[in-house]
Amino acid sequence: EHLISPVDCGCAEASLEQHPALNLPRMCVTAKQPPLTDESIEDFLGFIGQVLDREEAFSVLWNVRGGAFPSMKQFKRVVGWLEEDNRAERWDALVQGNVGVIRNPILRATAKLMTTISRPPQPFHVCSTEEQAVDFARETFTEAKSWGKSS
């Protein structure tokens with residue numbers, strides 16, 4: 001069941017769903033074929049804003065099956081956007097954790113590096129299949145918890 005219908009952000013599709021096996025809603029971001037453009041990043045940031053405006057806890061599935069992956073400049077743009085208007089605090093209060101489905105071992109290592117750089121307070125897991133992602137989410141994201149600094 002889609003809580004926010006899929007949005008085409010160029011090289012990625014994003015939606016917010018209520019997965020039947022999970023207790024909490026899940027934001028799904030599925031990368032398609034490269035290149036990932038700066039315009040796509042801006043569309044994606046608009047989508048994130050819609051999700052944050054719901055003020056409801058959720059987890060995030062990052063599915064990089066198509067290989068589109070942000071450049072460091074684009075990654076920094078997202079981090080910068082989150083730092084504006086207390087968005088990072090809202091993100092940390094609502095996001096219960098992140099799961100990356102990345103089949104390519106080089107991209108998995110890159111995702112782990114970017115995660116280390118951004119230091120999310122929530123749990124993060126990288127796996128190679130959607131089934132593993134659902135299993136991790138079902139076991140880990142059982143109830144809403146604020147991961148914000150004031151928690």
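1. A salt bridge here is a side-chain nitrogen of Lys or Arg within 4 Å of a carboxyl oxygen of Asp or Glu. With that in hand, look at R26 and E17: they form such a bridge, with the closest N and O atoms 2.6 Å apart. Both partners are buried (under 20% relative accessible area, with exposed being over 50% and partly exposed in between; 1.4 Å probe, protein chains only). R26 has a relative accessible area of 6%, and E17 has 14%.

2. A word on what you are looking at: this is a predicted model, where local features need pLDDT of at least 70, side-chain atom pairs count only at pLDDT 80 or more, and totals for chains, interfaces and linings use all residues. Residues are numbered from 1 along each chain as its sequence is written, and side-chain values use heavy atoms, leaving out hydrogens and water.

3. On confidence, the mean pLDDT (the predictor's confidence in each residue, from 0 to 100) is 88 for the protein, and 95% of its residues reach 70 or more. Helix α4 (residues 105-118) has the lowest mean, 82, while helix α5 (residues 130-140) has the highest, 95. Helices (H or I, at least four residues) and strands (E, at least two) are DSSP runs numbered from the N terminus.

4. Do have a look at α3, where R87, W91, D92 and L94 are buried. Among the elements covering the buried residues of α3 are β3, α1 and β5 (95-101), with contact meaning heavy atoms within 4.5 Å.

5. Back to charges: the whole structure holds 10 salt bridges. D53 and R90 meet in one of them (3.0 Å, N to O). D53 lies in α1 and R90 in α3, so this pair ties together parts 37 residues apart in sequence. D53 is exposed at 58% relative accessibility, whereas R90 is partly exposed at 25%.

6. Finally, E42, R77, E84, D85 and R87 are linked in a salt-bridge network.
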